[in-house]
Amino acid sequence: MNWYQLESKQVAKELNTDLKNGLSNNLVKMRQEEYGFNELIGKEGRSIWDMIIAQFKDFLIIILIASSIISILVGEVTDAIVILIIVVLNAVLGVSQENRANKALEALKQMASPQAKVIRDGKILQVPSKELVPGDLVILETGDYIPADLRLVESVNLKIEEASLTGESVAVEKNADEILDGEVSIGDRHNLGFMGTIITYGRGKGIVVNTGMKTEIGQIAEMLESYEEGDTPLQRKLADFGKLLGYVAMGVVVLVFILGLIRNEPILDMFMTSISLAVAAIPEGLPAIVTIVLALGMKRMIQRHAIVKRLHAVESLGSVTIICSDKTGTLTRNEMTVVSTYTGHKTYTVTGKGYAPEGEFYFKDEIINPQENPDLSILLKMCALNNDSKLDKNKEKGDEDAWKLIGDPTEGSLLVAALKAGYSLEKLHNIHPRLQEIPFDSERKRMTTFHNNPENKNFYAFVKGAPDVTLALCTRMYKHGTITTITDTDKKGIMKANSDMAKQSLRVLALAFREIDEIPKNPTPGEIENDLIFVGLMGMIDPARPEAVEAIATCKSAGIRPIMITGDYQTTAVAIAKELGIIESETASMTGAELDKISDEELTKAVQKVSVFARVSPQHKVKIVEALKANGEIVSMTGDGVNDAPALKRADIGVAMGITGTDVAKETAEMILTDDNFASIVSAVEEGRVIYSNIRKFIFFLLSCNVAELMIIFLAMVLNMPIPLEPIQILWLNLVTDAFPALALGMEPAEPGLMKEKPRDPQESIINRKMRWGIIIQSLAMTFAVLGIFWVIYRQTGDVHTARNYAFVTLITSELLRAYTARSEDISIFRLGFLTNKFVIGGTLFSFALVLMVMYIPFFQPIFGTIALGLNEWIRVLMYAIVPSVVAEITKLFH
């Protein structure tokens, strides 16, 4: 059906909906069953079989499979089975993780999915876009994505960018009253809105006519291409490192094999030893463990109110040096409350808390009735009428929490102020219905609405905006119920009142009006917003979040500089910034006007000292990010509006607001805050540091153990000692120590003082100088401990099998003990506490149980060449096994 050929009333009749109350909830449920979800059907994810095949394409895994095949060919079936067990366990781990990651990604998509405002049963609701059905009445606002194909039924200066559908880069003006004849191309259907397009200006309403694959974009596209998550820089570095390590290990293995031949060792024994050594040297579980740690970190971030959409953002978070944050709602509570008004040269105080419409009006210490005060009366009426917000009550909650605001918090505070005065919104809108409007935009910083004036049979134009801009447009003022010419003295008094409010950290809006005989069909600011009558000022406060104060202190101790970027006045911004601890003096602040007067080079120098930017536009945000990055900073930037998208994209970490943010901002950002709280950004940075730190820990652990295994065999052969380990023993200890303890280290909680360290250099290698020395020291310590006990037992008993048993148990025990000291490169295990990571305890105990199994169960003893040890023997083993841990703790003292 060509919906653009029908009047809106006909559309409503066809879809059995109501232009005022929308669909009933019962009808919504029936249509959801009939039409399904409003979503595009994308390609299916990889099957389990595809995931399994992918696991065996890894370079290191191919080496292991080749080793097992060779082992079978030479008759060493047991060794081959152990190698294959390692390979299969790694594959199971990888497939399980990918499958879990896919499910987690779906959950993230649900959490970050666009929302739509609909009217159902006469109530305004916010629902996931995918739950829309044909007939739903949708409310449209600037910055929203169109959630489905709509027939517009109301449009006020509505412009929609349809580039994603038509390729037309210029936003299209829409007109709900237009009715089109015949066949009309998509780009000319001015009374329709299409799924996936963006509202760039104005507001409106529309009835859903098509959903999901029946929308225009659904018919054109066979699938919706979602973001393809590639390997992160860290994963690529580790993959390359793994290959390098594989080549080095193969070189050492070949050298060991040649040394064995020179010593006239049996060729088959040396071959199996070499193969086992290659298996042990290669950290085949490293890629899987890195992926698991990153994914688990993302899950923990969700619990701390941060949805990270891309894995690389997790890595970048640990390097952030600057956090640029909006003030409103992020550093503050986003619960604006009018506390002061100025009208007729008098200042009044308003009491109350939150959005509850309960409070009193005071002049000095006297309670007054605002409806009996002509100046306050018209001011508060204008606050209610020039307003797009709605107030709803949640009966399940009490006190001020019972009231929920739908719309802008600033407008909400004005609405609540009018309700506190006892005005009925329904009566006001019946007497003075809104007939037209010029929406607010950030360039002119004001909004105008047009209403009936029944008394004079003409019309009102109510103007609300920034005090300085609005006052400059006024030629008269409303005082004591009469209109008089505004004088310079009046203006000075008004601006003083404005300044006094701003110094109290209040946000101030001015209200003015004019009477007109006729409302233009398409009113423009130039013809309406002049010759205005000034009425008054409304001062409101958005209190600072208590947790933001602590978060900013944490930032500073972590070497991260917080920067406030706001559209508010400089005095307001500075007052809040001082309260939060961002700055100490006004000299650390700058306005958008000042920013426009300096060059890019000067701004690059200025951003090194300025931490508050006030009265800035979205374009300024981009310049600030560019200047900070030019200084080598790693920048996180918050944003919520359509125009914030360029700055979010340019920043190293773009952070969108989950509650107040537009769909465009959420789509652009790497991270979404579900609570719009600055403290959540700091928590995410901390989590990013924890993840990177933990990856370093298990890499340190794995490499020090693997290098030690190579050195033990290599040095034994160079020193003309018997080979201290059987091939099957090498394979078993690799299986026991590589997986569980390493994964447990990836679950290590944040170290004490982690957020007191400076941000890491993103260019620094994960295996830095300190770690390289640590690997060398630990490898040598383990090598000498194992070779020491092997040589002592061999000299005492003359039995190489007994000596190998001691060497085998000592090496595994020392590696499991090493897992505890690897929990920090700098902090002693005694300070960390032995029991503070339950995963390390569980992982090491499980691994140790596997060791005891092959030692004490008779069936396994001949296979692994082990013998049961008594208490005295275990004491002897522990004396040697603990040496690497002691060395590690001593090394930490020097760090």
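Mentor: Helices (H or I, at least four residues) and strands (E, at least two) are DSSP runs, numbered from the N terminus. By that reading, the protein has 34 helices and 28 strands. The model is predicted: local features need pLDDT of at least 70, side-chain atom pairs count only at pLDDT 80 or more, and totals for chains, interfaces and linings use all residues. Residues are numbered from 1 along each chain as its sequence is written, and side-chain values use heavy atoms, with hydrogens and water left out.

Trainee: In which helix is F894 found, and is F894 buried or exposed?

Mentor: A residue is buried under 20% relative accessible area, exposed over 50%, and partly exposed in between (1.4 Å probe, protein chains only). F894 is found in helix α34, residues 883-894, and is exposed, with a relative accessible area of 72%. Across the protein, buried residues make up 53% of the 895 residues.

Trainee: Which residues of helix α33 are buried, and where do they lie around the helix axis?

Mentor: In general, an α-helix has 3.6 residues a turn, so residues three or four places apart point the same way. In α33 (residues 871-881), the buried residues are W874, V877 and A881. Seen down the axis of α33, they fall within an arc of 60 degrees, so they line one face of the helix; the arc is that of the directions from the helix axis to the C-beta atoms. The face turned away from the buried side carries the exposed residues N872 and M879.

Trainee: Against which helices do the buried residues of α33 pack?

Mentor: Contact means heavy atoms within 4.5 Å. The buried residues of α33 pack against α28 (769-797), α29 (800-821), α31 (838-856) and α34.

Trainee: How many aromatic pairs does the structure hold?

Mentor: Rings of Phe, Tyr and Trp (its six-membered ring) pair if their centres lie within 6.5 Å; planes under 30 degrees apart count as stacked, over 60 as edge-to-face and the rest as tilted. The structure holds twelve aromatic pairs. One of them is the tilted pair of W791 and Y794, at 6.1 Å centre to centre with 45 degrees between the planes. Both residues lie in helix α28, three residues apart, about one turn of the helix. W791 is partly exposed at 35% relative accessible area, and Y794 is also partly exposed, at 25%. Another tilted pair joins F860 and F864, at 6.3 Å centre to centre with 55 degrees between the planes. Here F860 is partly exposed, at 21%, whereas F864 is buried, at 5%.
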